[in-house]
Every structure is written in C-alpha cells, then in structure tokens.
Amino acid sequence: MKLKAILFSNLILLSSLSLFSNCHSDTKGKAADTTKKAATTVTTATTTTATTDTITTKVVYPPLNKPLYDSLMKRLAHGDTTGRWPVKNTPYPLPGAILPFKRVVAFYGNLYAKKMGILGELPPNEMLAKLRGEVKNWEKADPQTPVQPALHYIAVVASGDAGKDGKYRNRMPFKQIDSVLKLAQKAHAIVFLDVQVALSNIHAELPLLEKYLIMPQVHFGMDPEFSMKDGSKPGKKIGTYDADDINYVSNYLTGLVKKYNLPPKILIVHRFTKKMVTNYKSIKLHPEIQLVMDMDGWGEPDLKEGTYRYFIREEPVQFTGFKLFYKNDIKKAPHHMLTPEEVLKKRPYPIYIQYQ
C-alpha cells in the first residue's frame, strides 16, 4: 500500500510531464496469403509462471524463410526512394522472429496509475476487449499483415519522489508483473517490460528483470525521456540514451537468447527528439534482437508526421514504431487521433503500434 500511495502521489509528476511535453510539442508531436501462412509459424512458447520461479518450454521454430523476409522488408519500406529503407546490411533474424511477419499492436501503461496509459486506465476485462477491437481495426486496415497483440507494461517508473536511494524511480513488485503476464495469456498477447531509469541507469535496472526476460513471450522497452544522465529530476527536461546504452541492452538480451535458446527479442527504443538517441549509426544489430525505434510523440497529426519523418525515418536503424495517445493526441485542433489507415500512409510502414 505504501508503494501504491507513492505511485499515486507521482501522478502529479506525470501531469507535469504532460505539460512539459506540450510545451515542447514543436519537437515531440508526442504477400497476403503467404505472409499469413508464415506468420502462423511465428508463435510464442508456452510458459508456466509461478510467484518466484519461471519454467520455459523450449520450442523448435521452422527455419527462416529468407525470400519471404526480404519481400516483407521491402514492403515495409512503402516505396521509399531515399535508399534508407529497407535498412541495408542488417542481419537476418533467428527462427521464431515476430517481425516483419506480424505487426505488434500494444497497450501501454501501469496497473497502479490510470493516467499513465490505457493498460491501467480500464478494468482488465474492458481493457482486453478494447485491445481486441484495435487488433481487428489493424487487421482490417492491412489484411496482408497479421497482428500480434501485446501489453507494454512500465516495470520501472520515473518518480517525483527521490526514494531511499535518491534515484527518483520506483520498481514495480514482481506480483504486478505476474498479473500482467496472466492478462496477456488471456489475450494471447506478448509482453513488453519498459524501464524509466531516472537517476539510475540501464545497467542497474535491466538485470533485475532477467527472470521475466528469459520467457520467450517477454520483450523489452527502454525510454530515453527519463534517462537523466546529468542528474536532473525527471520531468525537468528530456533525457537521453547513447548508442552505447542501446548496445548494452542488445548485448544483454542477445546473451539470454543464446543461453536459453529463445526466439529473437524485440527491443523498443522510444524517441521523439534528436538528442534522445545519440550516435544512432553506432547502434549494433544482432540476429537475436529486432530493434524498433518507436515514434513516441503526441500531438496533432501534422506534428506527429514531422516527428516521425525527422527522428525515425531519416535516422534508420531497423524497424519503426508509432505511438497513438487516446487523450493527448486530441487536445489540440483538429482534435483527431490518427486511424490505422492514416498511420499506414507513413513511409516506412510502422510495424509496432502502441496505444497509451
């Protein structure tokens, strides 16, 4: 209850973060049948989850269909003529890869706070029903690409309270992560565990989630916005990650994939400004990792288009994502959240979609 009280008190911080983001809205804006057949082979392994222990069942995946993979990557480029997409000299993924065979549609949030996203805003069954509705919307908008539902849970939350160690972040109890895993199982969804390090760092926070990351259906997200390397309190300014930080996470996850014979992990990196990710050309790719640069900005449609163009499309890494905000995107005229059909006008096509 004490942790819950702290988190609710931090909603004040979250509200200020929204205002901060709004003040920076000029930068934030915060082969059909064959594909479907191939996508059915890209399934998550069964996992038994106990309170303290995790047992994974090894799954043997069929070999990667490289010609199909290449054709789907070319399709994702959506007629790009700049030569940036598809990204050249990227490694083929290991068997069992989700991308680009399926588009991931995720609900984001935290179970303790309704204002942090749709995942925690609605009662569980209502939330899962809404997620199913969004999955159907995306299947209708792009029938050639099957949809993989996902729950994107903030497992480490930036805080307005320094805490005992002065790191301004709260780690969620494992029982809450277990609850998200159970909800995901009901929805046949994969899970992303997202980390906002604040004055901590990714080297300290990532290993603490290893018991979950060795599960084949659990993936990872890292949020530069709350990586406060200069010692600023979260919410005072936008944070940053360097390629070295992203490479640390990729290497760590690669080690888990190899050790536990897992399918590739999806790594989400949120971004809506240039300085949030530095030295992007030095980001290293691995067959064990599928790296998504996710456009995390909210605002009116034109603003989001600019953010996607300048900070995602023009600085290619591997895959792209696009975030939609049920509330923040409609704050300003024309008070409109983009539809799947409108998002699919983007070049390249986002293969990861997140709703907050």
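Which side chain meets that of E205 in a salt bridge? In this predicted model, the partner of E205 is R171, with N and O separated by 2.8 Å. Because E205 belongs to helix α9 (residues 202-205) and R171 to strand β5 (residues 169-171), the pair ties together parts that are 34 residues apart in sequence. The two partners are described by separate accessibility values: E205, at 1% relative accessibility, counts as buried, whereas R171 is partly exposed, with a relative accessible area of 39%.

Elsewhere in the chain, a salt bridge is formed between the side chains of K229 and D245, at an N to O distance of 2.4 Å. This pair links distant parts of the chain, since K229 is placed in the loop between β7 (218-222) and β8 (241-242) and D245 in helix α11 (residues 243-260), 16 residues apart. D245 has a relative accessible area of 11% and is therefore buried. Salt bridges with shared partners also join E205 and R171 with D165 and R169 into one network.

The count of salt bridges comes to 14, and among them is the pair R103 and D142, whose closest N and O atoms are 2.9 Å apart. R103 lies in strand β3 (residues 103-109), while D142 occupies the loop between α7 (124-141) and β4 (147-158), so that the pair ties together parts 39 residues apart in sequence. Both R103 and D142 are buried.

The largest nonpolar core comprises 92 residues, and L151, F220 and L267 are those with the most contacts inside it. The element that gives the most to this core is β4, with eight residues. When neighbours within four places in sequence are left aside, the residues in contact with F220 include F192, L193, V195, I202, L206, L209, L213, V249, L253, I266, L267 and I268.

Most residues other than glycine have a negative phi, and most peptide bonds are trans. A cis peptide bond joins L99 and P100, with omega about 0 degrees, and P100 is placed in the loop between α5 (66-76) and β3. The bond from A333 to P334 is likewise cis, with omega near 10 degrees, and P334 is found in the loop between β12 (319-324) and α13 (340-343). Although not a glycine, N89 has a positive phi of about 60 degrees; N89 lies in the loop between α5 and β3 and, at 81% relative accessibility, counts as exposed. For N261, also a residue other than glycine, phi is positive and near 55 degrees; N261 lies in the loop between α11 and β9 (265-271) and counts as partly exposed at 44% relative accessibility.

Conventions:
Residues are numbered from 1 along each chain as its sequence is written. This is a predicted model: local features need pLDDT of at least 70, side-chain atom pairs count only at pLDDT 80 or more; totals for chains, interfaces and linings use all residues. Side-chain values use heavy atoms; hydrogens and water are left out. A salt bridge is a side-chain nitrogen of Lys or Arg within 4 Å of a carboxyl oxygen of Asp or Glu. Helices (H or I, at least four residues) and strands (E, at least two) are DSSP runs, numbered from the N terminus. Buried means under 20% relative accessible area, exposed over 50%, partly exposed in between (1.4 Å probe, protein chains only). A nonpolar core is a set of buried Ala, Val, Leu, Ile, Met, Phe, Trp, Tyr and Cys residues joined through side-chain atoms within 4.5 Å. Contact means heavy atoms within 4.5 Å.
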